[in-house]
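Here are my notes for your read-through. Please keep the model open beside them.

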Amino acid sequence: MIVVDIGNTISNSEVLMPSIIGYLRTDIDGQNVKSQLDLLKASGVSKIGQEKPAGTKRNRSQLDNLIANARVGDTVVVTSLYRIADNTKHLLEIVESLKAAGASLKIIDNGIDTSTPHGEVIRVLLVAITDFERQVMRE
């Protein structure tokens with residue numbers, strides 16, 4: 001199969017296949033990341049985006065870049081929930097952005113995988129929890 005894109009011919013070996021991409025975020029104290037790296041590598045990641053501590057929690061250029069470049073079939077893998085999101089709303093934003101791109105999120109320590117039926121239930125619960133949090137804040 002030859003794929004033609006804006007006048008450029010791409011060979012079979014150059015067709016982009018879905019990727020398993022790890023996301024690693026260190027704490028401000030510069031903790032040792034070896035355990036995260038080991039878990040991500042054991043999960044079969046082909047590349048890892050590493051986030052250095054920043055002045056603000058929402059300043060995560062590696063995560064933003066990873067989400068912006070996610071493709072259909074890609075899986076983003078993280079070792080723990082708190083490594084990728086600051087709160088429920090932030091997690092939902094990440095999950096929804098990946099879903100819109102056709103990608104999924106896998107969280108190793110609690111077994112969440114949004115590409116599975118169980119993961120879809122978790123996504124729906126996140127929507128409900130986020131809505132609940134918004135309503136409580138309005139009261």
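1. Helices (H or I, at least four residues) and strands (E, at least two) are DSSP runs, numbered from the N terminus. This is a predicted model: local features need pLDDT of at least 70, side-chain atom pairs count only at pLDDT 80 or more, and totals for chains, interfaces and linings use all residues. Residues are numbered from 1 along each chain as its sequence is written, and side-chain values use heavy atoms, with hydrogens and water left out.

2. Look at the second largest pocket. β4 (47–51) and α2 (61–68) each supply at least two residues of its lining. The lining residues include I21, K47, Q62 and R71. A pocket here is an open set of points on a 1 Å grid over the protein atoms alone, where a 1.4 Å probe fits, with protein on both sides within 12 Å along at least five of seven lines; lining residues have an atom within 4 Å of a point.

3. Now α5 (residues 117–138). G119, R123, L126 and T130 are buried in this helix (under 20% relative accessible area, 1.4 Å probe, protein chains only; exposed means over 50%, partly exposed in between). Seen down the axis of α5, the buried residues fall within an arc of 55°, so they line one face of the helix. The arc is that of the directions from the helix axis to the C-beta atoms. P117, H118 and F132 are exposed on the face turned away from the buried side.

4. V72 sits in the loop between α2 and β5 (75–78). V72 is exposed, at 66% relative accessible area. Beyond its neighbours within four places in sequence, V72 is in contact (heavy atoms within 4.5 Å) with P18, A101 and G102.
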